Amino acid sequence: VDETGARRPRWGRNLSKPPRARRWPARARTRARAMNFLKNLASDLIDDQEAFTNLTQVAVVDTSACTTVLSKRYAKDSIYTHCGPLLVAVNPYCTLEGLYDQAVLEEHMQLVPDAARQPHVFEMAARVYGQLMATGQDQAVIISGESGAGKTENAKLLLRFFAEAACSAGDGLHHRVMGTNPIMESFGCAQTVRNDNSSRFGKFVQLQFTASGRLAGAKLQTYLLEKSRVAQLSAGECCFHAFYETLEGLGAAQRQAYAAPDSWAHCAYLRGGGGATRDAAHDAAKFGRVREAFEHIGVSADQQADIDQLVLAILHLGNVEFTNGDEATVAEGRARASLDAACALLQTEPAKMVNGMCLRRMKAGSEWVTTSHTVGQASDVRHALAKQLYSALFEWLVGAMNGALHEHHTGLADDRLGPSIGCVDIFGFEIFESNSLEQVRMRLSCKT
């Protein structure tokens, strides 16, 4: 109402001014033009998504949009994409020609690149190394993902870049660092239903540099080896590569001396998965590369022979069978021959091995009592022995590599230790119908 008490129109004194409702069509047209502009812009962006190099370029960041960008880039063989400071890698499951050539590596080693670098594992390594040199502080790289995502391959490529960028020409440390890869793959990786080269252990590599950025040494730490795989396999899976490679790579004289089985199909521990297939030529070639890596890290010929004997001894133990129900004894025939072969390779007496697997000693009061194992218990003891032998071999190999990678002096004036780069390769856990204790531990470790 006004001063006189008369009621004013709802839209004020000026009766010629249209009400708010009459001005809505103009605002609606403005909003429509804005929406059309945004739709056109979004359409242009969607059409050009394969050109995105960073997932932060997506207009609406959600799972669907990011997956679409990655899929379009994958179709163009662009398997690497930035996501802010992260690098997303999509496994191509094939060899992309020229992607990791020496020329590509040297291009990423340039301090001032000729053009903006595209997402690449070498680009990530160059960024980490550049940050190390710029700040003088320790750096860390975490490689994570499910089994088959490509963690092992990208970890090798990172080490390759750091070794090339920070080692002098002809430096033996470069060969020793790179030599750890085939050894770890052979004795720590296995073929699973999801991945032909799945890491069955966790790994932390620390690269130590001098103040001027030269690689001075390295240290390897492993954890949670899935040693249960030695004695128990799921359908369609294989044991650790080392078993198959040893059977295919040994010469005729060694096979005869070690009483090696004719093929992995004759080994109970290796055929337990059922339905698994192997490429014999590939296994034999890998055996040769592992021998070369052993030489780089200083494992002598006698030590290599000991490794082969231990691997075959574990396979012979897997062929030992028991009989007689509640009082287990070693079966005759092939089982006894396998026991004798295992004992010969382990340099122990068969009678002591039989007693260790078939009998147990317990203390009752002040006296020791010896009782017999059942067949099931004796089999469990045999499995435990095989797994412990392989675990001890794996730990010995890690120690041998650390001894070869120990910090050394370059003889230069700048030879004082500076920062380091830590690379964590988190193993990819897998979910099965029946999960072992190691699988549960891996999942918990990944979450923590």
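A: Two strands count as paired if DSSP finds at least two bridges between them. Strands (E, at least two residues) and helices (H or I, at least four) are DSSP runs, numbered from the N terminus. The model is predicted, so local features need pLDDT of at least 70 and side-chain atom pairs count only at pLDDT 80 or more, whereas totals for chains, interfaces and linings use all residues. Residues are numbered from 1 along each chain as its sequence is written, and side-chain values use heavy atoms, with hydrogens and water left out.

In general, strands of a sheet pair through backbone hydrogen bonds, either parallel or antiparallel.

The antiparallel case is shown by strand 1 (residues 80-83) and strand 2 (residues 86-89), which are joined by four bridges. Within this pair, Thr81 stands opposite Val88 of strand 2. The two strands form a hairpin with two residues between them, and Gly84 in the turn has a positive phi of about 65°.

Four strands make up an open sheet in the order 3-12-6-7, with mixed pairing. Its edges are strand 3 (139-143) and strand 7 (215-223); each has a single partner strand, so one side of each is left without a neighbour in the sheet. From one strand to the next, the twist averages 15°, where axes are lines fitted to C-alpha atoms (for helices over the stretch in contact) and angles run from 0 to 180 degrees between N-to-C directions.

At the edge formed by strand 3, the pairing with strand 12 (residues 417-425) is parallel and spans five bridges. There, Val141 stands opposite Cys423 in strand 12.
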